[in-house]
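Hi everyone, thanks for coming. Let me bring the structure up on the screen, and then we can walk through a few parts of it together.

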Amino acid sequence: MTIPTTMANATAQALKPAPRSRSFSARFGQSFAMFRNGKSITGLCILGFFVLVAVFGDLIAPYGPLEKDFTALRQAPSLAHLLGTTHMGEDVLSQLIYGTRGVLIVGFLAGIFATIIAVAIGVTAGYVSGFKSESLSALTNVFLVIPGLPLMIIVASQYDNPSLFLIAGVLALTGWAWGGRVLRAQTMSLRNRDFVQAARANGESLFRIITVEMLPNLTAIIASSFVGTVTAAVLGLTTLAFIGVIPITNLNWGTILFWAQQNGAFPDFWWWYVPAGVCIALLGVALSLINFGIDEYVNPRLRSAGERARALRKRGIKPGSSITAVRVSTEKTERLTE
Amino acid sequence: MTTLEFSHVSKRYRVRGSGHMLALDDVSFTLESGQTLALVGQSGSGKSTIAKILTQLERATSGDILLDGKPIPRRGKALRRYRQQVRMVFQDPFASLNPYHTIRHHIERPLRLDHVVPEAEVETEVNRLLERVQLDPAGTIDRRPHELSGGQRQRVAIARALASRPSLLIADEPVSMLDVSIRLGVLNLLADLQRESQLGVLYITHDLATARHFSDEIMVLHHGEVVERGPADDVILRPQHPYTLALRNASPDPDRHFAGSAPSGGGPSTSARTPS
Amino acid sequence: MTFFLRRAAFYAFTAWAAVTINFFLPRMLKGDPVSAYIQKNQGRISPEAADSLRTLFGLDTDRSVLEQYIDYWKLLFSGDLGRSFSKGLAPVTDVIAAALPWTVGLVGIATILSFVLGTSIGALIGWKRGSKADFIVPVSTFFSTVPYFWMGLIAIAVFSTLLGWFPASHAYGKGSRPEFSLDFIGQVIAHGFLPAATIVLASLGGWILGMRNMMVTVLDEDYVTVAQAKGLPTRRVLVNYAARNAMLPQLSSFALSLGFIVGGTIVMEMVFSYPGVGKLLLDATTAKDYPLMQGLFLVITLTVLVANILADVAYAVLDPRTRQLES
């Protein structure tokens, strides 16, 4: 009767002793496991490039952003001005480099604000039940349905010189709802897991259950909602700047496009308006790539789908019809044997 | 000596669209330290509801639960003291451990929460508990649940339940999710621990064979009602209630099978053979 | 039935929230430009119009907030959204009514087209996962992150100014007036093509990616495998089993992202000088025409709500579970 016990004991002994130092680095590594894939790394590299440009803008930029050279107006790219000049003789590349700062600061600030709101409301709505949950969910949906940009335009236009914080705050207020919705759904499914029930049965406090037991399991979702809001905030900021409701003192890529359109850059002076748009798209692609990586980490089917199908095709099987093919062939053999 | 009294407890669930569902109907029993009581019944009979009410994950609709004659406190420190006395081992060791945290975290938490040992001794106590459930502390303490086998995880869950030094343990189908080959090991461990610490164990199962082997008494639950209760051997060998008889006949009996008495009944009996 | 009641309650709540936000916005922000405007144009604004402006912008401070709120609702029900400062004091309702059809037509058609097209392409490349068609994924990612307005500017630069294929701005030719004639309809289509195509191209990527991911997830489900194992025609498995189930989350995300899409398309109208509500909103912003801005925000929100209701109806038709609840 004791044999199984000793066997289990033996297997336990067979496990290699884990060195203590593993704990911290392992935990650290685990927290970033969702970024450990080609797509996320590519995205992080592009993002890292923009961050470096923003941080060291003063060193990289060949000219000041508003430094005017009246001898070189609307010049096509040359060695002196790699991306040409504006109608005032300002260097487009330098404006682009300095503009990165505004975009990233507002984007990340808005992302942080929005994520805080989304986690607070989404996780609470997922953990509580009944009327409280329903009303928080209704609030989230209201913010989803109300069109954000018109609201932003109206609020921003009321201020003569809105600060970066205010702009980020408005972008966050109109952008948190999607993350809040996803977090609520995920929290609801976590709430009924046994390990949460076990923590409750042990008498852990609600705050500890949410912060220690549940939040670590939501990191991937939180990261993805953060990246998503940053993407939306970058688009929102550049759009507001392009419309002209954000003062031109806040230099960002949208401001460059605003000047370009106001001063008849279209369509001849392509160097003035193409790079800014490409930068917005490139940053957007980088953020989306990070999120695809997280998506595939959360839903492994997305990752394996392509790989499996390719592997099948290599072996000469057409994915999608593989099962049918096998079935048909067995049916045929059966009929033959009959 | 601790006594838990479950007296005239009913639990009603509200079901959307169709009114109410009576999960427990006037159930009474007592559980004392040092005693193993098996709670037997099929899925949906109300077994897990009893476990949830005992751990206060849910509240009874009516009736009293008394620990040493005192009702369960509603909240606060008093409720925590009750929970420190009554601990539970969940059915699914794959779900009951937090995938994010190490084994150390799982066992440390109840120690800290209930101040079982002084802060300086927490580490040694965790090691002692792991050894007690026959796990190698050095090889498991810094691992995460997904790095362990099902049997090892259930041992960790048992160690966690024992950490607060409870006097009563609820084991909700503790081996049904494990491979057949390691079930007996976990059950033997539970039996040993029960003897050593004079634990009162409520063993919830639908496997009559292990219920008979590991418990002093058996209580049969059917549609939320206790239909039969008595010493283990009596209930199995001389069932009084037709439902117990049906349960017994549905469980595998090696003798009957080898005799080849019912080859045509092979289909349903194989499905009932692996108690899951 | 409960499904519809719940949805109805939600829409009523959202509409109420939108109106209430619209009520509080000017009260939290500064209202003095409006009172200054009323002062300046004392002779031109009729007393009634001035009164309704005061109610809309919270200038009637002698009344309690609750009274102001009730007055505000009364105004809304009588269709009075105040007078537009920049449009010669014309009623805001009339100004918006003239612009709304253009937006609903352009944005509505383009969005539905983009959704249908994107979902179909997404279903196909999800079905052929791992094939060469996967190259569409990075391409559509790029297009989905390009700002709408920038793509519009490029489209004008290339197809209008450079190639001269399409007119660059307005909804119809300068000389003509709206009428029901073939010539006029032709003009509307010619003017609307470029903005519509840009909206479709800019929003297509999101639908493709969303549908592809849903398809890949659904294709792993047992019922799809069973359908294939039964030997059903590929087309039928793709359309009736996989795509139909992958559609549902796609449709609900369509409903929820309408607000976002509308934001993007508003700027498109500015780029193309299209006479819809988006351009009107931007003109009102530049001219500091607060009554028009408030009215537009309300109308845009309510329009998005109506679109949401339509998307919900489509969802209910497709999802057997809601139909079951209904009976």
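Of the 327 residues in chain C, 43% count as buried. Please keep in mind throughout that this is a predicted model.

Let's stay with chain C for a moment. Along its principal axes, the C-alpha trace of chain C spans about 80 × 55 × 35 Å. And if you take the contacts in chain C between residues at least 6 apart in sequence, 74% of them join residues at least 24 apart.

Now, how many residues of chain C are in contact with chain A? There are 52 of them, and they meet 49 residues of chain A. Several helices of chain C each supply at least two residues to that side, among them helix H1 (2-28), helix H8 (182-219) and helix H12 (290-318). The one that gives the most is H10(C), with 9 residues. Sorted by class, the side of chain C that touches chain A has 32 nonpolar, 16 polar and 4 charged residues.

Have a look at Leu296(C): leaving aside residues up to four places away in sequence, Leu296(C) touches Pro150(A), and within chain C it touches Ile96(C), Val277(C), Leu280(C), Leu281(C) and Ala284(C).

For contrast, find Ser131(C), in the loop between helix H5 (92-127) and H6 of chain C. Why does Ser131(C) count as partly exposed? Because it has 17 other C-beta atoms within 10 Å, while a buried residue needs 20 or more and an exposed one has 12 or fewer. Ser131(C) and Trp165(C) are 34 residues apart along the chain, and their C-alpha atoms are separated by 36 Å.

Let's move over to chain B, where we can look at some strands. Strand E1 (residues 3-15) and strand E2 (residues 19-32) of chain B pair in the antiparallel sense over 10 bridges. Which residue of E2(B) is the bridge partner of Val9(B)? That is Val27(B). E1(B) also pairs with strand E4 (residues 62-67) of chain B, again in the antiparallel sense, over 5 bridges. In that pairing, Ser7(B) stands opposite Asp64(B) in E4(B).

Last stop, chain A, and helix H3 (residues 38-55). At 1.5 Å a residue, the 18 residues of H3(A) should span 26 Å, and the end C-alpha atoms are 25 Å apart, which agrees. The buried residues of H3(A) are Lys39(A), Ser40(A) and Gly43(A). Seen down the helix axis, these buried residues fall within an arc of 85°, so they line one face of H3(A). A handy reminder here: an α-helix has 3.6 residues a turn, so residues three or four places apart point the same way. Helix H14 (270-298) of chain A is included in what covers the buried residues of H3(A).

Methods: Residues numbered from 1 in each chain as written. Chains lettered and ligands numbered in written order. Predicted model: local features only at pLDDT ≥ 70, side-chain atom pairs only at ≥ 80, totals over all residues. Contact = placed C-beta atoms within 7 Å. Helix = DSSP H or I, 4+ residues; strand = E, 2+ residues; numbered from the N terminus. Nonpolar A, V, L, I, M, F, W, Y, C, P; charged D, E, K, R; others polar. Pairing = 2+ DSSP bridges. Expected span 1.5 Å × (residues − 1). Arc of directions from axis to C-beta.
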